[in-house]
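Trainee: Could you take me on a close look at one part of this model, and then show me how the rest of the chain is put together around that part? I would like one connected account.

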Amino acid sequence: MSDLAGQRILLGVSAGIAAYKAADLVRRLQDAGAEVQVVMTEGAGHFVGATTFQALSGRPVRSSLWDEAAEAAMSHIELARWASRVLVAPASADLIARLAHGFANDLLTTLCLATDAPIAIAPAMNRLMWANAAMQANIETLRARGVAVFGPAEGDQACGEVGAGRMLEPLELVACLSESGKTGRLAGRRLLVSAGPTYEDLDPVRFLGNRSSGKMGFALAAEAAAMGADVTLVAGPVGLATPVGVRRIDVRRALEMREAILAALPGQDGYIGTAAVADYMPAETAKQKMKKSGEVLTLELRRTPDILAEVARHAQRPRCVVGFAAETQQLAEYARGKLRDKGLDLIAANDVARAGIGFESDDNALSVFSADASHELGPGRKSLVARQLLELVADFLESKA
Ligand code: PMT
């Protein structure tokens, strides 16, 4: 049976072109066994008519605080009590700002203030509006109050631009809502995960990189979100889709990765450094494409900052700091050395010389070390190994509570 079976979902629809997808969402929620009551903002009516939602949901659509007949049948306070979950999809920039600031100037915002049901929003807007500092501050405010934020997705936008801001698809929203209702072992925890390689540019067309595909880090982010964590994923250049419910920050170089990780550090409960960060970067990046000259080219490289070690000794150090070690020999010895030297709580070592696991593969096997214990995880799919590693992180966090 679906986790949404029997749930009473108050579906708020605000003004945005993605409102047309909310019609399909009503159906998908019903398919999952939920009852759906649609509440539209005045602006949403410019995109989709109430009749569509009424026909699909089988319930009169509510949109005004001043509708005497509707209030007599079920007052807005009764409606707020009726809901077992509130999902606002699409959530426009204006609606998000009003929610963040506690407005009650229409029926939907009033209901959001008056309900004690969990609230989730699915932002949908132009990419620049989404990236705007005011919007991000509003999102952080809502997150800090326990509002779940689903998406947005990246891709082509109705305005013709490409970027983050698209509403998640109805089926993805149903999956998010279902997952967020589960109280996983990491519910209430904030985890920061790094993934993928870094690319260190030599000139406008060449870079130093490595074979990391990002699959291990993305699997950790996806599994952590499924276990209830609030996940921020700092990703090097990889071609992977963002896991549902995960906040993603894309970077290219080690220095950018460091900056993104340190900026996201405050308030995190855990950091998992899965990224294969370059140890060296070119001392200089040529502004123009370098020309061939002579048989031998000598490059001058500089050490990159060790992000993991910096996180572990940071004043805002998360309670659980986990490193990865990619080794081709003496796995346990080198991994234990990194655990000690970098001041980590756990280190997950993989033998990247072994066929079928490690870089690029869908599978992995990890030897995990703490100061006084060790665990063998896998071999198996990266999602499975990720889940096992996250159980150890959850154990660690619970032991420090
Ligand atoms: O991405 P995939 O294709 O799925 O492959 C997964 C993986 C093999 C990349 C992953 O499982 C893994 O082993 N990641 C760590 C790779 C690595 O760079 O290992 P390392 O031993 O060089 O670094 C040790 C730790 O220090 C790592 O946590 C790394 O993120 C961190 N580090 C390293 C250098 C640096 N400048 N800053 C860092 O934070």
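Mentor: Happy to! Let us start with Ser57, which is found in helix H2, residues 50-57. Keep in mind that this is a predicted model. Is Ser57 buried or exposed? Its relative accessible area is 10%, so Ser57 counts as buried, the cut-off being under 20%. Which residues does Ser57 touch, once the neighbours within four places in sequence are left aside? The contacts are with Val26, Gln30, Val36 and Val38. For a sense of distance, take Ala175: Ser57 and Ala175 are 118 residues apart in sequence, and their C-alpha atoms are 19 Å apart in space.

Ser92 lies in the loop that runs between strand E3 (85-91) and helix H5 (93-100). With a relative accessible area of 10%, Ser92 is buried. Leaving aside neighbours within four places in sequence, Ser92 is in contact with Ser14, Ala15, Ala124 and Met125.

Now for the charged side chains. Side chains of opposite charge can pair when their charged atoms come close. How many salt bridges does a search of the whole structure find? There are 27. One of them joins the side chains of Glu71 and Arg62, with 2.9 Å from N to O. Both Glu71 and Arg62 are buried.

Another salt bridge pairs Asp345 with Arg317, and here the closest N and O atoms are 3.1 Å apart. Asp345 sits in the loop between helix H13 (331-342) and strand E17 (346-351), while Arg317 sits in the loop between helix H12 (307-312) and strand E16 (320-327), so this pair ties together parts that are 28 residues apart in sequence. The two partners fall into separate accessibility classes: Asp345, at 15% relative accessibility, counts as buried, whereas Arg317, at 27%, counts as partly exposed.

Compare that with Asp341 and Arg340, which also form a salt bridge, the closest N and O atoms being 3.7 Å apart. Asp341 has 63% relative accessibility and therefore counts as exposed. Arg340, at 61%, counts as exposed too. Elsewhere, salt bridges that share partners join Arg185, Glu391, Asp395 and Glu398 into one network.

Let us step back to the whole chain. The protein chain has 14 helices and 19 strands. Of its 401 residues, 51% count as buried, and Ser57 is one of the residues in that class. The C-alpha trace spans about 80 × 50 × 40 Å along its principal axes. How does the radius of gyration fit with a compact globule? For 401 residues such a globule would have a value near 21 Å, and the chain has 24 Å, which agrees.

The chain carries 43 positive and 47 negative charges, and the mean positions of the two sets are 3 Å apart.

To return to where we began, Ser57 is a buried residue in helix H2, in contact with Val26, Gln30, Val36 and Val38.

Terms used. Residues are numbered from 1 along each chain as its sequence is written. This is a predicted model: local features need pLDDT of at least 70, side-chain atom pairs count only at pLDDT 80 or more; totals for chains, interfaces and linings use all residues. Side-chain values use heavy atoms; hydrogens and water are left out. Helices (H or I, at least four residues) and strands (E, at least two) are DSSP runs, numbered from the N terminus. The radius of gyration is taken over C-alpha atoms; the globule rule is 2.2 Å times the number of residues to the power 0.38. Buried means under 20% relative accessible area, exposed over 50%, partly exposed in between (1.4 Å probe, protein chains only). Lys and Arg count as positive and Asp and Glu as negative; His and the chain ends are not counted. The place of a charge is taken as NZ of Lys, CZ of Arg, CG of Asp or CD of Glu. A salt bridge is a side-chain nitrogen of Lys or Arg within 4 Å of a carboxyl oxygen of Asp or Glu. Contact means heavy atoms within 4.5 Å.
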